[in-house]
Structures are given as structure tokens and as C-alpha cells.
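Hi,

Here is the structure I promised to pass on to you. Have a look at it first, then read my notes below.

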Amino acid sequence: MKTIDILHETYAALASNKVRSGLTMLGIIIGISSVIAMVSIGQGAQASIQSSIQSIGSNLILIMPGQQRAPGAQVSAARGSARSLTLADSEAITKDITLAKAVAPETSSRYQVTSKGKNSNTSIVGTVAAYPSVRNVEMDMGTFISEQNVKSLSKVAVLGATASEDLFGLDANPVGQTIRINSVVFKIIGVTKAKGGSGFGSQDDMIFIPITSAQRFLAGDDYVSTISVQAKDSESMAEAQQQITDLLLKNHHITDPTLADFSIMNQADILATASSITGVFTILLAAIAGISLVVGGIGIMNMMLTTVTERTREIGLRKAIGAKRADINIQFLIEAVMLTFVGGVIGVLLGWGISIGISATGLIQTQITLSSVLLAFGVSAGIGIIFGYYPARRAAMLNPIDALRYE
Amino acid sequence: MIEIKDVTKTYQTGDIAFQALKGVTFTIKEGEFVAIMGPSGSGKSTLMHILGALDTPTSGKYYLNNQDVSKLSEDHLADIRRDQIGFVFQSFNLLPRATVLRNVMVPLIYAEVKEEERMTRAKEALKAAGFDESHFLHLSNQLSGGQIQRVAIARALVNNPKLILADEPTGNLDTKTGEIVLGTFQRLNEELGRTIILITHEHDVAEHAKRIIHIRDGLILSDSKTHNRRVIKHS
């Protein structure tokens with residue numbers, strides 16, 4: 001039997017019962033499209049988290065105050081309350097670690113901020129002049145905090161894009177105006193460009209002030225909450241991280257590295273952790289959608305078994321006029337595969353549409369990858385073969401005499 | 001052309017064995033028109049299945065065109081059916097929702113005849129079966145019983161088989177339509193020299209053949225030329 005004839009017979013058979021073929025296909029369409037849409041959501045989330053992690057800087061090593069633990073004691077303080085890093089540590093890193101290109105200590109705390117008639121609770125970041133280069137911050141208007149500002153404890157502030165919008169409205173130029181942070185008056189000298197990305201805590205809803213001013217006027221102490229270190233290049237990250245660890249352990253007089261009172265991580269670690277979390281999330285979504293695909297496959301099998309029973313006499317006739325077992329087998333198998341394949345194509349298109357629709361709502365930027373489309377095709381063809389195999393075999397094994405007599 | 005030697009067929013259902021054919025021997029030459037006649041349960045259907053290469057005998061030999069068909073595998077039997085035998089069934093067995101032409105072309109699909117040739121051969125077969133050309137593209141479920149059986153005859157002819165096996169071809173037709181169909185067989189036999197075996201339980205139908213093999217309880221009762229043969233005049 002020629003391929004073209006098989007396809008023709010298949011089309012004729014499926015077209016002769018359009019409603020049933022359509023409904024059966026619907027199961028596959030729903031299965032495939034939900035797999036495509038779910039995977040695109042998962043991968044979109046992954047991409048958005050990755051880009052927001054990358055947007056915080058490049059070749060970044062972050063040092064944060066860690067658990068303060070007395071030797072032997074298992075009680076540890078929460079990280080936020082730990083106070084173990086100071087400006088001295090930051091200065092030591094700047095001085096001694098040659099692999100560090102730039103070092104930016106910061107303090108971060110939420111305070112009440114008021115402008116003319118507007119009120120907001122925003123994250124106030126006290127930092128230094130190196131911050132923009134370390135953390136990839138670009139200026140929209142005005143200038144960032146200078147070294148001079150830091151040295152002289154200036155009461156100047158740089159607004160993040162969202163903070164500026166909240167306090168002064170859209171498209172306003174607040175440079176030169178003043179705000180009150182925790183009742184202390186600060187003069188605005190600049191506004192940063194929006195970075196976008198909301199996954200990892202918005203980088204835009206912040207107000208930057210000199211770290212010395214933050215410590216003196218707001219916090220009243222000299223601890224820092226994070227030291228961001230930019231390594232020279234990606235190759236020197238691991239070495240720089242090790243050198244910083246050794247330096248800080250020495251300066252803090254800690255001999256056992258497991259008892260370190262700070263934690264240090266690099267961007268690659270954060271990225272890897274986030275990727276593995278979103279990867280699991282994607283697999284979970286795909287698995288749930290996969291269940292509907294299996295249900296669709298069972299629908300195919302059900303329909304094919306019904307078809308074989310209904311067409312028993314036709315099978316008998318075909319055998320009587322010379323069809324071999326293989327001819328019947330392939331004909332019914334192709335019918336099942338055709339259903340799943342056409343369903344797969346429609347499902348991919350539908351899933352694509354759904355993911356574009358989700359992107360359009362702005363909730364999450366979905367991403368369709370070639371691999372997920374190919375996988376969906378492969379799976380749908382595979383389902384056709386797996387769930388079509390048994391009915392086709394049953395048709396092929398029919399005895400022509402019994403099949404012709406079948407009522 | 002057909003040689004049946006001591007053919008027996010036993011059906012085994014659990015512990016019970018039933019012998020449908022108890023040793024049947026006859027030969028049929030090319031160009032003959034033979035009726036195999038017997039009441040239900042006589043073994044004529046079993047004989048038809050063996051003659052049609054749908055089944056193999058339990059013992060004995062069946063030679064079709066000097067080829068031993070009695071021990072072939074299922075796929076080889078399919079080849080024999082495809083190339084050498086044309087079937088006409090009582091219940092027609094046309095494909096529903098397919099046109100007349102397409103129904104006739106189905107055997108050619110399995111014979112892998114070229115696309116262009118199929119149409120020509122199907123039309124020739126339909127004409128030979130006396131089917132009206134204006135209905136070629138009708139769907140098979142729009143036809144009358146007589147027309148359907150002509151399509152079935154055309155389908156049996158399309159592969160140019162040596163042997164046409166007709167199993168109660170008039171069983172579902174009224175007398176008048178049945179006569180016309182039997183007339184078609186007579187014409188195919190006489191004008192085109194086709195070998196035809198007609199299986200029936202009706203004496204009236206059997207009398208249209210040239211020779212009648214009477215079968216009862218799995219044995220041949222009589223085998224003789226038809227007395228008072230009925231010949232349908234065709235226009």
C-alpha cells in the first residue's frame with residue numbers, strides 16, 4: 001500500500017466522522033496547548049528572574065552580615081538584625097583586595113519620606129559614589145552622590161525612578177527640590193533611570209543618600225547592611241571571593257570559617273539557585289499540563305477502539321480483497337497519529353496564542369522555545385503511536401471471515 | 001483451474017469438534033459457471049471460505065491455478081485473494097460515504113496499481129458490470145440494492161481475477177433485481193469467459209449456472225450439468 005493511499009484513506013475515514021474526530025482531537029489540542037503555555041510561563045519567569053539578577057550588576061560579590069553564633073551555641077540571630085559589617089570592612093576590602101574593581105557598602109532601611117503633600121514609605125539606601133558602577137545604576141537626571149558628598153555628610157538624595165514618580169508624579173523634574181526622610185531635610189540632586197524588573201525586589205523604588213549621612217542622621221550607628229564588590233572579571237570571581245573571606249575572617253578575629261559572622265555569595269550562585277528553583281517550577285507546570293495530554297491520548301485510544309469495532313465489516317472486506325495485516329495495522333495507526341499530529345499543530349498554535357495573550361496582559365513575559373515546540377510535536381506523535389498501537393493491532397488481527405459476518 | 005482433493009475442515013470449540021467438511025473432491029475448469037448449492041449448515045460457506053482463500057482446510061489439498069493454496073500463511077493468502085479472486089457478498093459491503101468509483105478502486109490500492117490506471121480500470125469494470133455511467137460519482141449509500149450489487153461486482157472484476165466467488169449475491173435483493181444480477185454473471189461468463197462460482201441455498205438461483213454441485217452435511221451429494229438452465233436475456 002502506497003503512502004499517498006494510506007493518507008488518502010486516513011483522511012476519508014477521519015472526515016467521515018468530523019464531529020467525533022474533532023472532539024477527540026480537542027483532547028490533544030488542550031493537552032499540547034497547555035503544555036506549551038505552561039512551559040512558556042515557566043521559562044518566561046526564569047528569564048525575568050535571571051535578567052533582574054543580572055541587572056543588579058556584573059561580576060558581583062555580595063557580603064552580608066551573617067549569623068552571629070557563639071561557639072557551640074545553636075541559637076542564631078536573624079540576618080536582618082545581625083550587625084557585624086562596618087565601613088571599616090569595606091575600606092579594608094578596597095585597600096587589600098586587588099581583584100576588586102570597585103567596592104560599594106550600603107545601608108538599607110525603610111523610612112517615612114515626605115515631599116510636598118505626598119507621603120511614602122521607601123527603602124533608603126545609604127551608599128557611596130562607586131555604587132552606580134557596581135550595581136549598574138544609570139542616571140536619568142542630575143548626578144549621583146559624589147565622594148565629596150560622602151566625606152562631608154551632605155544631606156543630598158538621589159531618587160529611584162519609582163520613588164520619584166511616587167513623590168513627584170510622572171515626568172516631573174524633582175532635581176533641586178527637597179524631601180524629608182524621617183523628618184530630616186534632604187536636597188534632591190538626581191534621579192536614576194528605571195531598571196524594570198520586579199522579581200527580586202524593585203531596584204527602582206529606592207532613595208540613595210550618602211552612607212555617612214544615613215549612619216549619622218538616620219540609623220545612628222556605623223554598621224552596613226551589604227557590601228557589594230565588583231570583581232575585575234568573571235574568572236577572578238572565585239579567587240576574589242576567597243580573598244575577601246580570608247580578609248574578613250582575619251579582621252573579625254575568627255579562626256573557624258564555619259563560625260563566620262558574615263555570609264558571602266556571588267552573582268553566579270544566586271543565579272544558579274534561582275534557575276534551579278524556576279526550573280523545578282517549570283517542570284511542575286509542564287507535568288500538570290502533561291496529565292491532560294495523557295487524558296487526551298486515552299481519548300484517542302477510546303475513539304480508535306470504537307472505530308475498529310464499528311468498521312469491523314469494512315476491515316473484513318479490505319482483508320477479503322487483499323489487504324494484509326500490515327496494511328490494516330498501518331492504516332489505523334496512521335489514523336491515530338494523524339489525529340494527534342493535527343491536534344498537536346493546532347495545540348502548538350493555540351498554546352502560542354495563549355502565551356502571547358499572557359504576555360500582553362503584562363503579568364509575565366512568556367517565552368516560547370523551539371525545544372518546547374519540538375517536544376510537544378514529539379510527544380503528540382508518540383501518543384498517537386502508543387495509544388493507536390493497540391486498536392490498530394486489534395484491527396489487523398481480525399479474522400476476515402468473522403469480520404465479514406460481524407453484525 | 002481449481003482442484004479440491006479430499007478437503008476436510010474441522011472447527012474446534014473448546015472440547016467440541018465440529019466437522020463442517022468431511023472430504024470433498026472436485027475440479028473446476030477455466031470458464032465454467034458453477035453453483036454450489038446446499039441448505040444452511042451443509043458446509044457450503046466453509047467451502048466458499050476455502051475456495052476464496054479466506055481459510056485453509058484441516059486436511060486435503062486445494063490447488064488454484066496449479067498452486068497449492070492449502071498451507072499458505074495469512075499474508076500469502078491475502079496475495080492470492082488480491083490477485084486471483086474477486087468476491088461478491090450477500091451484504092455488498094461497500095464503503096459508506098465513498099463514491100462508486102472509489103469503492104471499485106479499493107482493491108487496486110492494495111495491488112499498488114498506478115494512480116492514472118486505476119480510474120480507467122474502475123470505469124471499465126463498472127461498464128462490464130452494467131453500471132450506469134451517470135452514477136459513477138454517487139455515494140454508495142445513495143444507490144438502490146441492484147445498483148449496489150453491480151458496484152460490488154465491478155469491484156470484484158477490477159483486478160481481472162481468474163475466479164469470481166459470489167456468496168448468495170441475490171440474498172438481499174428482490175426477485176427481479178436478483179434476475180438482473182444473475183444475468184450479469186451469465187454475461188460475464190459467456191462474453192468475457194470469467195470463471196464464476198455461485199454459492200446459494202436457492203434452487204432457482206443455482207439453475208442460472210451451467211453446473212450444480214449439491215452439498216449436504218459436509219459431503220457432495222451430486223455434481224452435474226444444470227437441467228433446464230435459466231438464461232436471462234440481456235439487452
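Predicted model: local features only at pLDDT ≥ 70, side-chain atom pairs only at ≥ 80, totals over all residues.

For chain B, the average pLDDT is 89, and 99% of the residues score at least 70.

Let's take chain A as a whole. You'll find 13 helices and 10 strands in it. The chain splits into domain 1, made of 3-52 + 273-405, and domain 2, which covers 85-251. Between the centres of domain 1 and domain 2 of chain A there are 54 Å, going by C-alpha atoms.

Chain A has a radius of gyration of 33 Å, whereas a compact globule of 407 residues would come out near 22 Å. Along the principal axes, the C-alpha atoms of chain A fill a box of roughly 100 × 55 × 35 Å. Of its 407 residues, 41% count as buried. As for contacts in chain A with a separation of 6 or more, 81% of them come from residues 24 or more positions apart.

Now zoom in on helix H3 of chain A, residues 87-96. Which of its residues are buried? They are Asp89(A), Ser90(A) and Ile93(A). These three sit on the same side of H3(A), because they cover an arc of only 100° around the axis. Turn to the other side of H3(A) and you get Ala88(A), Glu91(A) and Lys95(A), which are exposed. And what do the buried residues of H3(A) pack against? Their partners in chain A are strand S2 (100-114), strand S9 (226-231) and helix H8 (237-251).

Last, the place where the two chains meet. Here 19 residues of chain A are in contact with 20 residues of chain B. On the side of chain A that touches chain B, at least two residues each come from helix H1 (3-15), helix H10 (312-320), helix H11 (325-361) and helix H13 (400-405). H10(A) gives the most, with 5 residues. Sorted by class, that side of chain A has 9 nonpolar, 2 polar and 8 charged residues.

That's it from me. Enjoy looking around!

Cheers

Definitions and conventions. Residues numbered from 1 in each chain as written. Chains lettered and ligands numbered in written order. Domains from an automatic or database assignment. Buried ≥ 20, exposed ≤ 12 C-beta atoms within 10 Å, placed from the backbone. Helix = DSSP H or I, 4+ residues; strand = E, 2+ residues; numbered from the N terminus. Arc of directions from axis to C-beta. Contact = placed C-beta atoms within 7 Å. pLDDT = per-residue confidence, 0-100. Nonpolar A, V, L, I, M, F, W, Y, C, P; charged D, E, K, R; others polar. Rg over C-alpha atoms; globule rule 2.2 N^0.38 Å.
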